[in-house]
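Here are some notes for a colleague who has not seen this structure before. Please read them with the model open.

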Amino acid sequence: MGRVRKIVMVGGGLVGSLLSVMLGRRGYRVTVFEKRPDMRLKEISAGRSINLALAERGINALKKAELFDEVEPLLIPMRGRMLHPLGGEQEFSPYGQRPHEVIHSVSRGMLNQVMLTAAEDAEEVAVHFLQECTGVDLDKREIELLDHESGKKHRVGYDILLGTDGAASEVRSAIVRATGGSFCTEWLDHDYKELEIPAGPDGTFQIDKNSLHVWPRHGYMLIALPNLDSSFTVTLFLQKQGEPGFDRLDSPQAVTNFFHEQFPDALALIPELAQDFAANPAGGLGTIRCSKWTNGQDALILGDASHAIVPFHGQGMNAGFEDCALLTRLLDETGTDWPEAMSRFERERIADANAIADMALENYVTMRDTVLDPQFHLKKKIGFELEMRWPRRFIPRYSMVMFHNIPYHIVQQRGLVQNEILELVIANRSPTGEINWPHADSLVGGRLDEISWPTQ
Ligand SMILES: Cc1cc2nc3c(=O)[nH]c(=O)nc-3n(C[C@H](O)[C@H](O)[C@H](O)COP(=O)(O)OP(=O)(O)OC[C@H]3O[C@@H](n4cnc5c(N)ncnc54)[C@H](O)[C@@H]3O)c2cc1C
């Protein structure tokens with residue numbers, strides 16, 4: 001392939017805007033086509049995760065793009081989960097055990113706006129809004145766009161096509177068709193709906209600001225993440241149908257009764273419950289697994305387009321940002337050989353995408369159910385102690401996902417072994433519950449050393 005002159009990117013969401021900054025700063029000419037209006041001029045619609053948890057992988061990529069200084073003032077650190085059991089006292093469960101082991105609540109809109117502005121500041125990047133990709137011709141190296149202002153269609157050519165167009169990716173369809181790859185969406189039978197705890201009358205947070213609040217109710221849950229204006233975005237995750245299910249919450253009275261029974265403390269903080277419940281749409285939750293992310297020549301998908309996951313580990317965006325850092329590293333390593341970098345990206349990353357997809361699904365059960373089990377807290381306590389004794393060898397799985405950059409598939413493998421170790425340690429306690437630490441120490445090492453990872 002000759003010199004890459006023109007990169008076309010479809011989708012200027014979280015991943016597209018970050019990647020365009022990274023490529024623009026490397027001198028590539030990038031044209032981004034985004035189907036929605038410019039969110040800096042028009043308020044984005046509610047109902048699609050108003051805020052998100054940003055963790056180490058995302059921060060690492062933002063730092064590589066030299067954007068973290070601009071993003072940092074938008075962040076609210078969350079040090080752990082504040083559990084709200086039914087009828088019980090609030091209980092705080094820290095995420096990590098070192099001061100920097102926190103995750104951060106950030107507004108999706110504000111983050112996207114910072115990155116879009118940085119993209120446009122890079123001389124080589126142009127972002128065009130209200131341009132929807134309606135077709136991809138990989139043979140002719142052209143995409144078809146519908147201009148939502150004029151209502152007309154037009155075509156644009158490219159040297160490299162990057163699909164950052166989210167879970168319903170048009171670019172993915174073309175790549176899968178051309179390569180004979182396979183792709184599936186596994187829908188969860190649970191939906192989500194967003195609500196709001198407003199700031200208190202004095203403009204302060206009504207519940208602890210530095211926690212991710214969880215109301216676990218076994219089969220379902222409510223969570224709340226803080227916003228800079230002292231409000232919280234609250235999300236109900238619940239099955240679509242059944243008792244209880246979204247289909248049963250079909251009147252203001254049914255909604256209020258449900259909250260009164262299951263989330264009485266939250267009900268007292270959500271004054272607009274019935275109105276918001278009726279006005280905000282219920283969103284679906286799915287996992288996308290795709291076997292081909294590139295045609296091996298000039299087209300590649302990244303972010304949710306290639307690996308949308310359920311939100312229970314707070315990693316979809318973080319994984320997408322990590323994609324951006326990986327692609328730029330591979331471009332460096334291959335001397336900007338795009339076909340080689342794209343093929344290596346697919347080879348190296350699919351196992352990671354599948355691993356975080358699995359762990360995100362498991363974490364739904366952890367958040368809504370397992371956190372209520374005393375065994376979960378015992379395992380966590382022992383895990384923290386083993387981490388103190390063996391800092392490079394035993395890192396709790398949650399910490400590996402959220403506070404490290406260890407490849408997800410390694411995290412998954414080490415997590416399984418670590419869980420077996422924790423179960424053996426618990427089984428070997430004395431009749432009075434004392435841990436046999438020499439035995440625990442002897443279990444760590446050996447098998448864990450076999451599953452190592454490259455450091456970058
Ligand atoms: C309820 C919920 C909570 C979440 N919480 C977290 C969290 O706490 N932490 C975390 O890391 N992740 C979280 N996520 C996941 C995160 O939202 C996604 O992983 C992330 O948005 C992916 O970014 P993306 O740019 O790949 O896709 P998107 O954000 O979907 O962006 C795709 C962009 O492409 C545009 N587009 C789509 N089709 C076309 C087209 N044909 N032509 C032109 N433009 C197009 C769209 O308008 C959009 O702007 C959550 C998701 C949900 C649903």
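1. Asp 247 counts as partly exposed because its relative accessibility is 35%; buried means under 20% relative accessible area, exposed over 50%, and partly exposed in between, with a 1.4 Å probe and protein chains only. Asp 247 sits in the loop between strand 17 (232–239) and helix 6 (252–262). Helices (H or I, at least four residues) and strands (E, at least two) are DSSP runs, numbered from the N terminus. From the C-alpha atom of Asp 247 to that of Ile 451, 204 residues apart along the chain, the separation is 45 Å.

2. On the source: this is a predicted model, in which local features need pLDDT of at least 70 and side-chain atom pairs count only at pLDDT 80 or more, while totals for chains, interfaces and linings use all residues. Residues are numbered from 1 along each chain as its sequence is written, and side-chain values use heavy atoms, with hydrogens and water left out.

3. The ligand is surrounded by 29 residues, and the closest are Glu 34, Ala 53, Arg 108, Cys 133 and Asp 304; a residue is near a molecule if one of its heavy atoms lies within 4 Å of it. By type, the shell divides into 10 nonpolar, 11 polar and 8 charged residues. Here Ala, Val, Leu, Ile, Met, Phe, Trp, Tyr, Cys and Pro count as nonpolar, Asp, Glu, Lys and Arg as charged, and the others, Gly among them, as polar. Helix 1 (14–25), strand 3 (51–54), strand 9 (131–137) and helix 10 (316–333) each supply at least two residues of this shell.

4. In the side chain of Arg 108, an N or O atom is 2.5 Å from an oxygen atom of the ligand. Taken alone the ligand exposes 1,000 Å², and the protein buries 91% of that, by the Shrake-Rupley method with a 1.4 Å probe.

5. Strand 7 (residues 103–107) has 4 of its 5 residues buried. Strand 7 pairs in the antiparallel sense with strand 3 over 4 bridges, where pairing requires that DSSP finds at least two bridges. In strand 7, Val 106 stands opposite Leu 52. Strand 4 (residues 76–78) also pairs with strand 7 in the antiparallel sense, over 3 bridges, and Pro 77 stands opposite His 104.

6. Helix 14 (residues 408–427) has buried residues including Tyr 408, Arg 414 and Ile 426.

Key: Polar contact = N/O pair within 3.5 Å; in protein donor to acceptor, adjacent residues only side chain to side chain.
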